[in-house]
Amino acid sequence: MPAPESILRFDGVSVIYDGVRVLDHVSFTLAAGETRVILGAAGAGKTVLLKTALGLISPDEGRVSLFNQEITGLRERQLFAIRAQVGMLFQESALFDSLTIEENVAYPLENQIGVRVDPAEVLPRVEAILKDVELGHTLDKFPNELSGGMRRRVGIARANVTYPKLVFYDSPTAGLDPITANNIMSLVIKQRDQRNTTTVIVSHRLQDGALMANYRFNSQSGKIERQRHTGALDTHTKFMVLQKGRLVFEGSEDELHASPDPYVAKFVLEQAQSA
Ligand SMILES: Nc1ncnc2c1ncn2[C@@H]1O[C@H](COP(=O)(O)OP(=O)(O)O)[C@@H](O)[C@H]1O
Ligand SMILES: [Mg+2]
């Protein structure tokens with residue numbers, strides 16, 4: 001039987017800064033169509049993990065494969081071609097302040113190496129995806145004219161405008177109030193379910209993972225709805241917990257809540273109390 005298509009694979013990956021392992025022998029495999037929620041406290045290594053997955057950071061130990069191709073040691077040009085199939089929302093959105101919202105969202109279509117789009121198709125795509133994140137009237141605005149939540153929505157649009165197979169979201173809800181955070185999460189879910197993208201989301205909020213695991217976008221009604229928590233769904237969304245660079249948990253939402261690992265149990269309990 002052929003192995004399921006592996007979209008992303010870490011094999012004993014370590015990243016060492018100043019003698020400290022900020023990723024410590026991390027191994028996991030992400031299958032096509034999966035949602036992966038990466039939880040952990042500040043400084044646990046979540047952003048380093050995503051950057052390593054994109055080849056922006058080279059691991060000191062171990063190997064990384066993207067779309068079944070080992071990227072460790074790959075030449076820049078080959079790496080760009082692979083990276084072009086991945087959408088990324090960087091922490092704090094990382095929009096270009098001097099570009100309009102339209103230009104920000106068009107940026108990957110026009111400038112990302114390995115992305116090829118007919119120039120006549122750029123504006124319609126940008127307009128459509130901005131409408132999708134409920135920002136249809138902001139094309140001529142600049143990032144500093146938008147609220148934090150709106151900027152996050154622009155970042156979601158930019159991460160998805162190339163229609164990538166795989167999308168990474170780094171802390172999309174950080175620093176937002178709970179209502180805005182839930183709005184952002186519903187847009188992430190909508191993007192995922194409209195195009196069945198494999199999605200990796202980093203968060204310090206357990207709640208974000210629960211939303212990814214238990215809600216889906218219904219294209220018929222155009223609404224986000226609760227999807228009953230079934231066994232099948234369990235395999236669809238997987239959770240990981242990073243503690244000081246070590247992967248201390250990998251499994252379903254139910255397994256997360258039942259984890260005997262003291263750090264994981266404490267993390268879950270604290271989140272429940274603050275919710
Ligand atoms: N370029 C760097 N140089 C040195 N240390 C770094 C660098 N980037 C990240 N670190 C350290 O690696 C650890 C993990 O960082 P990061 O992945 O950003 O954490 P988070 O889980 O909050 O995203 C932190 O201790 C951070 O200080
Ligand atoms: Mg981070």
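A backbone N or O atom of alanine 44 lies 3.2 Å from an oxygen atom of ligand 1, and the table sets this pair beside two others in this predicted model, where a polar contact is a pair of N or O atoms within 3.5 Å.

| Residue (polar backbone atom) | Distance to an oxygen atom of ligand 1 |
|---|---|
| Glycine 43 | 2.7 Å |
| Glycine 45 | 3.0 Å |

The protein covers 57% of the 560 Å² of accessible area that ligand 1 has on its own, areas being computed by the Shrake-Rupley method with a 1.4 Å probe. The residues around ligand 1, including Tyr17, Val22, Lys46 and Thr47, are those with a heavy atom within 4 Å of it.

The magnesium ion (ligand 2) has Thr47 (OG1) and Gln91 (OE1) as its protein donors, at 2.1 to 2.5 Å; donors are N, O and S atoms within 2.8 Å of the metal (3.2 Å for Na, K and Ca), and water is not among the atoms, so the site may look incomplete. Threonine 47 belongs to helix 1 (residues 46–53), whereas glutamine 91 lies in the loop between strand 6 (86–89) and helix 3 (101–111), 44 residues apart; helices (H or I, at least four residues) and strands (E, at least two) are DSSP runs. Threonine 47, at 24% relative accessibility, is partly exposed, as is glutamine 91 at 36%, the term covering values between buried (under 20%) and exposed (over 50%), with a 1.4 Å probe and protein chains only.

Residues are numbered from 1 along each chain, and chains are lettered from A and ligands numbered from 1 in the order written. Local features need pLDDT of at least 70 and side-chain atom pairs 80 or more, while totals for chains, interfaces and linings use all residues; side-chain values use heavy atoms, without hydrogens and water.

Definitions and conventions:
A polar contact is a pair of N or O atoms within 3.5 Å; within protein, one must be able to donate a hydrogen and the other to accept it, and residues adjacent in sequence count only if both atoms are side-chain atoms.
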